Amino acid sequence: MDIFVLKCFFLLVLHTSAYPAAARRERKNVLFIMADDLRTSLGCYGDPVAKSPNIDQLASRGQVFVNAFAQQAVCGPSRVSMLTSRRPDTTRLYDFNSYWRVHSGNYTTLPQYFKSQGYFTMSVGKVFHPGIASNNTDDYPYSWSIPAYHPPSFTYEKKKMCKGEDGKLHVNLLCAVNVTEQPGGTLPDLESTEEAVRLLKSRVNDDDPFFLAVGFHKPHIPFRIPQEYLTLYPLDQMTLASDPDVPERLPTVAYNPWTDVRKREDVQKLNISFPYGPIPKDFQLRIRQHYYAAVSYMDAQVGRLLSALEELGLADNTMVVFTSDHGWSLGEHGEWAKYSNFDVATRVPLIFFVPGDNEAGTSTFPFIDVLRESVHSIKSGKVRSRLVELVDVFPTVSYLAGLKVPVQCPDISFQVDLCTEGENRAYAAPQGQSERTPEDVAFSQYPRPADAPQENSDLPDLKDIKIMGYSLRTWDYRYTLWLGFNPKTFQVNVSDVHAGELYMSADDPGQDKNIFNNSDYSEIMRKTASLPQTVGLQMRMKLQFHYLTAGMKTSRGKP
């Protein structure tokens with residue numbers, strides 16, 4: 001009994017060490033900002049190329065999680081996973097073609113939970129993935145108090161809007177435009193910012209707390225952005241990815257052939273061979289230039305939104321969350337786009353600002369115009385190094401806003417409406433104690449229709465999925481198994497191993513040297529063959545991983 005009491009006291013100390021008591025007791029408004037396809041290419045994450053002063057400013061006043069990972073590197077599944085705090089194997093959404101409330105379980109979402117607690121909930125832009133995956137309503141009225149807003153100009157996003165060298169309009173990947181020449185003289189993220197500010201103004205004199213989610217479309221392709229942002233990244237100063245070649249020992253099933261990029265007219269003109277044919281280096285540089293320019297354009301919209309929050313007097317009682325649904329490859333491993341288990345595709349920015357938790361004693365967010373002002377490096381606030389996952393966002397935001405944290409889900413939770421498969425990350429390690437713990441693990445997964453790259457490898461429909469790549473990220477390694485998968489029963493065959501990957505972070509931070517050994521793994525399979533069927537896949541992979549790396553740790557002098 002005494003040990004139990006001491007344990008409870010220790011956990012209480014952990015939870016109270018990060019945020020002042022007054023900041024925790026009061027229910028706060030929530031401004032939840034999500035970017036689309038944004039990797040950690042931000043100044044506050046140490047990227048020397050990126051110009052993102054407004055997000056960096058937010059980071060300087062908040063907590064920055066530098067090791068946050070998505071559960072599946074594609075929009076719809078990742079967003080549903082994050083907003084329900086359930087992993088893809090629980091939502092059973094691996095593509096865009098089903099609605100979780102019908103397909104798997106009537107799971108409560110993050111905004112729905114806040115709505116049930118008296119919050120006025122609003123959605124602007126791309127929060128849920130639009131379409132079937134959110135019931136063609138963005139999950140209204142369950143998640144939102146009013147219908148979700150989508151910018152009208154997004155209608156043109158996939159149409160011929162990009163002026164080519166021939167003077168004609170095309171459906172291009174690279175699409176920097178003169179905004180005044182676009183339909184309505186605007187772009188989707190500009191419209192979303194305006195609507196979000198309008199909604200903030202409408203809540204100034206309302207007593208009920210609000211939850212406003214704003215989803216920006218950039219830097220998602222096509223790079224239809226204001227052309228002036230390209231000037232921030234002169235082409236002669238851009239560089240290629242440090243590892244632009246397909247790794248020699250990369251299993252074919254692990255490779256994504258970036259078919260959505262290939263479909264754009266300007267890419268088709270390059271006549272690139274499928275699936276591995278490299279993009280010409282000069283065009284690679286232009287893709288990287290446009291991606292970074294799209295990041296700066298999106299950053300400016302974040303800045304305008306935060307500036308409005310401050311000007312309206314709402315910053316003192318509004319917590320701000322900034323994150324992305326997943327990352328995006330910019331030529332690493334010879335890949336472009338998401339659709340993989342590599343860090344560049346799964347690692348995301350995750351920033352929390354909580355009023356009252358600001359060492360600088362201010363919560364101001366003056367807008368920084370990156371096109372007209374010199375950008376100086378801004379030191380991040382509290383840097384959190386723990387490995388965390390996007391399923392942790394739901395319980396963490398709930399706690400920080402002053403609500404009760406949902407209970408942990410049981411192993412099988414299809415019949416449980418409200419629970420979390422993540423953890424509340426709103427507490428820090430005691431001063432002087434490292435946040436790096438051996439138990440830290442982040443899980444991601446990605447489906448494939450076949451062992452070799454084919455036309456639908458990046459985004460297979462559920463019925464076509466034959467293989468599921470489960471990936472375990474620890475401090476020192478990324479360990480991935482590609483296992484047989486039955487799309488009718490959603491069952492994984494742990495003995496049907498199509499390929500394996502193992503990367504050592506210290507020697508191979510880019511994850512280019514696969515040291516997975518089939519004979520070693522066969523021995524481990526024999527050791528774990530007697531595990532009961534009730535042992536879940538995550539625990540099974542953890543045990544296998546510890547067996548696989550035990551010898552490596554010993555040889556490197558680790559305990």
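Where does arginine 39 lie? Select it and look: arginine 39 sits in the loop between strand 1 (29-35) and helix 3 (53-60). (Helices, H or I runs of at least four residues, and strands, E runs of at least two, come from DSSP and are numbered from the N terminus.)

Before you go on, a word about what's on your screen. This is a predicted model, where local features need pLDDT of at least 70 and side-chain atom pairs count only at pLDDT 80 or more, while totals for chains, interfaces and linings use all residues. Residues are numbered from 1 along each chain as its sequence is written, and side-chain values use heavy atoms, with hydrogens and water left out.

**Stop 1: arginine 39**

Stay on this residue. Arginine 39 counts as buried because its relative accessibility is 11%; buried means under 20% relative accessible area, exposed over 50%, and partly exposed in between, using a 1.4 Å probe and protein chains only.

**Stop 2**

Most residues other than glycine have a negative phi, and most peptide bonds are trans. Now for some exceptions.

- Select tyrosine 140 and proline 141: the peptide bond between them is cis, with omega near 5 degrees. Proline 141 belongs to the loop between strand 3 (120-125) and strand 4 (162-163).
- Jump to isoleucine 221 and proline 222, joined by a cis peptide bond with omega about 0 degrees. You'll find proline 222 in the loop between strand 7 (210-215) and strand 8 (223-226).
- Serine 85 is in the loop between helix 4 (75-84) and helix 5 (88-91), and is buried at 0% relative accessible area.
- Next, tyrosine 339, with a positive phi near 60 degrees. Tyrosine 339 is in the loop between strand 11 (336-337) and helix 12 (343-346), buried at 7%.

**Stop 2: helix 11**

Finally, select residues 281-311. Helix 11 has 31 residues and reaches 45 Å from its first C-alpha to its last, close to the 45 Å expected (1.5 Å times one less than its number of residues). How many of its 31 residues are buried? The count is 25, so helix 11 is largely enclosed by the rest of the structure. After helix 11 comes glycine 313, with a positive phi near 75 degrees.
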